[in-house]
Amino acid sequence: MGTVEAIYISSTATAPTISIEAVLATPGVGLEGDRYALKQGTFFKPEPDYELTLIEAEAIEAMRRDYGIELAPGEARRNVVTRGVALNHLVGKEFTVGDVRIRGIRLCEPCSHLQKLTGKPVLKGLLHRGGLRAQILTEGTIRVGAPVVEALPHPDHFQTAIHKAQTT
């Protein structure tokens with residue numbers, strides 16, 4: 001089980017991120033006040049993997065340790081900074097952030113836009129550790145300090161599996 005260490009939003013693709021204590025997460029939209037919910041993100045597409053991004057605090061710390069690159073958590077431009085959870089392992093899985101159910105979609109690899117905004121050579125240091133793009137499945141408020149926990153399969157998944165087993 002991990003925890004939410006920080007939450008960041010930005011109103012536009014190039015505006016600095018701001019740290020907040022809590023934010024409303026809405027399925028099909030994103031985080032209230034964030035650039036992607038406002039359709040202002042650099043890579044905005046009306047797809048679920050643009051609703052929420054997460055990054056491990058440990059990845060930012062490893063970049064400092066291994067490459068000597070100092071990056072403040074908000075500079076990573078991910079919405080939620082976690083601690084104690086391997087986000088790469090959540091690709092294709094459902095998990096909860098507090099009471100909000102989330103689905104990990106794909107890795108959020110570092111890009112030249114991030115490198116340009118930070119003015120730091122982050123590509124190598126965040127390769128395969130740049131975070132997770134995720135879909136918001138249930139509405140709720142994400143708060144600093146909330147637990148991040150891999151979810152048990154939805155009960156409907158069990159019923160589908162049982163039905164398939166019975167009919168084959």
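How many bridges join strand β7 to strand β8?

1. Four bridges connect β7 (residues 94–97) with β8 (residues 100–107), and the two strands run antiparallel. Strands here are DSSP E runs of at least two residues, numbered from the N terminus, and two strands pair if DSSP finds at least two bridges between them. The model is a predicted one, in which local features need pLDDT of at least 70, side-chain atom pairs count only at pLDDT 80 or more, and totals for chains, interfaces and linings use all residues. Residues are numbered from 1 along each chain as its sequence is written, and side-chain values use heavy atoms, with hydrogens and water left out.

2. V97 has V100 of β8 as its bridge partner. The hairpin of β7 and β8 has two residues between the strands, and G98 adopts a positive phi near 65° there.

3. Five bridges pair β8 with β9 in the antiparallel sense. G104 has A134 of β9 as its bridge partner.

4. Q135 belongs to strand β9 (residues 132–136). Q135 counts as buried because its relative accessibility is 18%, the limit being under 20% relative accessible area (1.4 Å probe, protein chains only).

5. The side chains of Q135 and R103 form a polar contact at 2.8 Å; such a contact is a pair of N or O atoms within 3.5 Å, where within protein one must be able to donate a hydrogen and the other to accept it, and residues adjacent in sequence count only if both atoms are side-chain atoms.

Terms used. Buried means under 20% relative accessible area, exposed over 50%, partly exposed in between (1.4 Å probe, protein chains only).
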